[in-house]
Amino acid sequence: MKGMAVIVKPTYACNAACDYCEVHKWGDLFKPMDIETYTVLNEKLEKFFKSKADITFYWLGGEPLMMSDEFYGEVLNSDKKSKLNISHAVQSNLIQYTKKDFKNLKKLLKKDNKNILFSTSVDPVSDARKLKNGKNYNEEFLKSIFQLKKESIDYSAVYTVHSGSIGRAKEIYYYFKNLGFKGININAMCDYAGKFNEKEFDMSPKEYGEFLIQMWDIWEKDTFELNITPFTSWKRLKESGKEDMLRCHNNGRCDSSLCAMGPNGDIYTCDRAMQAKQIPLGNIKTNTIEEMFIKKVHTKRIEVLKNSDCNQCEWWSYCKGGCPYESKGEYEGRFEKTFWCEGYKMLFSHIKGTSKNLDSS
């Protein structure tokens with residue numbers, strides 16, 4: 001069955017003001033999404049696939065918990081009219097979780113009697129995450145984590161690597177493991193202005209590679225217990241040759257498997273395109289999915305990289321040139337491999353040379 005991941009940002013409003021994020025500044029520029037916009041998205045996706053398809057809506061922001069739970073109740077009602085096979089996921093800082101009851105949102109996240117899973121973000125080694133009300137981010141965050149524990153709800157995290165992370169992989173790993181996180185998704189900082197200096201956010205590709213190697217070794221020593229994205233998919237690829245779990249950064253299929261929608265219905269290649277303030281592909285209220293997707297160019301990027309930057313690279317199946325938005329070329333109208341290439345190659349070579357469970361094929 002065909003399918004797609006659709007990132008939905010119902011609001012740019014946020015209760016946080018993290019040092020490296022500009023999205024929270026957009027909150028007053030756009031009204032929150034109305035249910036009609038979401039319903040039109042559903043209808044357009046039905047027409048695009050022309051048959052039942054698996055669609056996962058990923059709710060991001062801003063902060064998606066700034067939306068009322070009544071809105072998510074309307075989403076539930078809209079889904080009942082759809083022929084799509086719909087599932088939902090959410091990425092939230094969770095600060096609002098203890099402030100009100102999100103019974104409708106939890107119904108959205110619960111599918112086929114599986115456990116509810118919230119994805120969240122936190123940084124145990126930096127004070128870059130801040131709340132607008134002046135309260136301590138991590139203290140307020142932990143209140144919500146303990147509430148999720150009390151309700152037996154699962155949670156995972158996105159961890160953004162920066163210069164302060166270097167040399168502290170063990171501390172970071174066990175923070176997430178000891179607090180009961182089901183997994184972590186590791187990303188490097190991304191410069192959505194497209195500058196990509198020699199040491200991006202005071203962290204060079206080599207330093208990023210060193211962090212990844214340290215994290216891999218800790219993970220391996222812990223018998224791969226915690227689910228780490230993208231490590232888990234790279235481990236599976238090495239062992240079985242299967243690329244089915246590779247995340248969008250590395251699977252080379254983002255043009256056909258991913259899109260994102262802002263509060264007013266503007267459609268983008270992905271949420272990173274939004275943050276980079278790129279021109280939208282169109283608007284869901286006035287354009288068809290076909291009209292918008294024909295403007296996508298990253299499939300062409302894959303073909304160009306195979307014959308240029310990434311020609312003959314032994315790690316092509318692991319990386320596919322990386323995320324377009326992690327390259328200066330994306331912001332200058334040309335195709336270029338990820339800024340973090342050297343770091344990834346360091347990790348892949350390390351896996352091939354040292355891992356007991358990932359012998360060279």
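Q: Which helix gives the most to the lining of the largest cavity?
A: In this predicted model, helix 14 gives the most, with four residues. Helix 14 (341–354) and helix 13 (316–319) are the elements that contribute two or more residues to that lining.

Q: What makes the lining of the largest cavity count as eight nonpolar, two polar and three charged residues?
A: The lining has 13 residues, and Cys310, Cys313, Cys319, Cys341 and Lys345 lie nearest the cavity centre. Cys counts as nonpolar and Lys as charged. Over the whole lining the division is eight nonpolar, two polar and three charged. The space inside is about 110 Å³.

Q: Which helix gives the most to the lining of the second largest cavity?
A: Helix 12 does, with three residues. Helix 12 (298–306) and helix 8 (248–251) each supply at least two. The volume of this cavity is about 60 Å³, and Cys319 and Lys320 are among the residues that line it.

Q: Why is Cys18 called buried?
A: Buried means under 20% relative accessible area. Cys18 has 10%, and therefore counts as buried. Cys323, at 7%, is buried by the cut-off too.

Methods
Residues numbered from 1 in each chain as written. Predicted model: local features only at pLDDT ≥ 70, side-chain atom pairs only at ≥ 80, totals over all residues. Heavy atoms only, no water. Buried < 20%, exposed > 50% of the residue type's maximum accessible area, 1.4 Å probe, protein only. 1 Å grid on protein atoms, 1.4 Å probe; cavity = no way out; pocket = protein on both sides within 12 Å on 5 of 7 lines; lining within 4 Å. Points joined across faces, edges and corners; volume = space filled by probe spheres on them.
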